Amino acid sequence: MRTLMAQPFTLEDVTRLRRAVADLAGGRGLVGPRLDDFVLAVHESVVNVVEHAGGYGYFRLWTADGVIGSETSDRGTGIPDGYMAADREPPGLAQRGRGIYLMRRLCDTADFDTGPDGTTVRLAMRLPRGRDDGPGQVAGRLTM
């Protein structure tokens, strides 16, 4: 595993963090819609921490075995059960509640570990062959 970035964050870091993720993921071979999807999903995980979990968290971006992944952690009170339904699509006119749905739809994998002591969101996308500085994989949806 190769860590590309690891840092605490607050609201003031959100834009810079998004740009860094786009640059680092793009530099590892994600392009076009897959890059856009990954960056948006990571952004949603970070914004959820800022809006719903006390305003600060910890972010890590890494590559391993043909995959780029992120981990966003907080010390909030956890995600309410109703939001964790895998197939829960928000109503068309809803102003909120799209983050978890988008993360699951946009990434190859999206895992959530949540409880009263905080939440960790892990997102991953398969990279094009040979672009993670490790064993390469063919780009495509992960089936874990």
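Student: What makes strand 3 and strand 5 a pair, and in which sense do they run?

Tutor: Two strands count as paired if DSSP finds at least two bridges between them. Strand 3 and strand 5 have seven bridges, in the antiparallel sense, so they meet that definition. Within this pair, Ile68 stands opposite Met125 in strand 5. Before we go on, a word on the source: this is a predicted model, in which local features need pLDDT of at least 70 and side-chain atom pairs count only at pLDDT 80 or more, while totals for chains, interfaces and linings use all residues. Residues are numbered from 1 along each chain as its sequence is written, and side-chain values use heavy atoms, with hydrogens and water left out.

Student: Which helices and strands does the protein chain have, and in what order do they run?

Tutor: There are three helices and five strands, and from the N terminus the order is β-α-α-β-β-α-β-β. Helices (H or I, at least four residues) and strands (E, at least two) are DSSP runs, numbered from the N terminus.

Student: What else pairs with strand 3?

Tutor: Strand 2 (residues 56-64) does, in the antiparallel sense and over seven bridges. There, Tyr58 stands opposite Ser73 in strand 3. The hairpin of these strands has two residues between them, and Asp65 takes a positive phi near 50° in it.

Student: Which strand pairs with strand 5 through a hairpin of two residues?

Tutor: That is strand 4, joined to strand 5 by the hairpin. Strand 4 and strand 5 pair in the antiparallel sense over seven bridges, and Ala110 stands opposite Leu123 in strand 5.

Student: Why is Ser70 called buried?

Tutor: Buried means under 20% relative accessible area, exposed over 50%, and partly exposed in between (1.4 Å probe, protein chains only). Ser70 has 1% relative accessibility, so Ser70 counts as buried. This residue lies in strand 3 (residues 67-73).

Student: Which residues is Ser70 in contact with?

Tutor: Contact means heavy atoms within 4.5 Å. Leaving aside neighbours within four places in sequence, the contacts of Ser70 include Phe38, Val42, Trp62 and Val121.

Student: How do you know that both faces of strand 3 are covered?

Tutor: In a regular strand the side chains alternate between the two faces of the sheet. Val67, Gly69, Glu71 and Ser73 are buried on one side of strand 3, and Ile68, Ser70 and Thr72 are buried on the other.

Student: Which residues of the largest nonpolar core touch the most other members?

Tutor: A nonpolar core is a set of buried Ala, Val, Leu, Ile, Met, Phe, Trp, Tyr and Cys residues joined through side-chain atoms within 4.5 Å. Of the 32 residues in the largest one, Val21, Leu30, Phe38, Phe59, Leu61, Ile68 and Leu123 touch the most other members. Helix 2 gives the most to this core, with nine residues.

Student: Which residues of helix 3 are buried, and what covers them?

Tutor: Gly99, Ile100, Tyr101, Met103 and Leu106 are the buried residues of helix 3 (residues 99-106). Their cover includes helix 2 (32-52), strand 4 (109-115) and strand 5 (118-126).

Student: And how much of the protein chain is buried?

Tutor: Buried residues make up 46% of its 144 residues.
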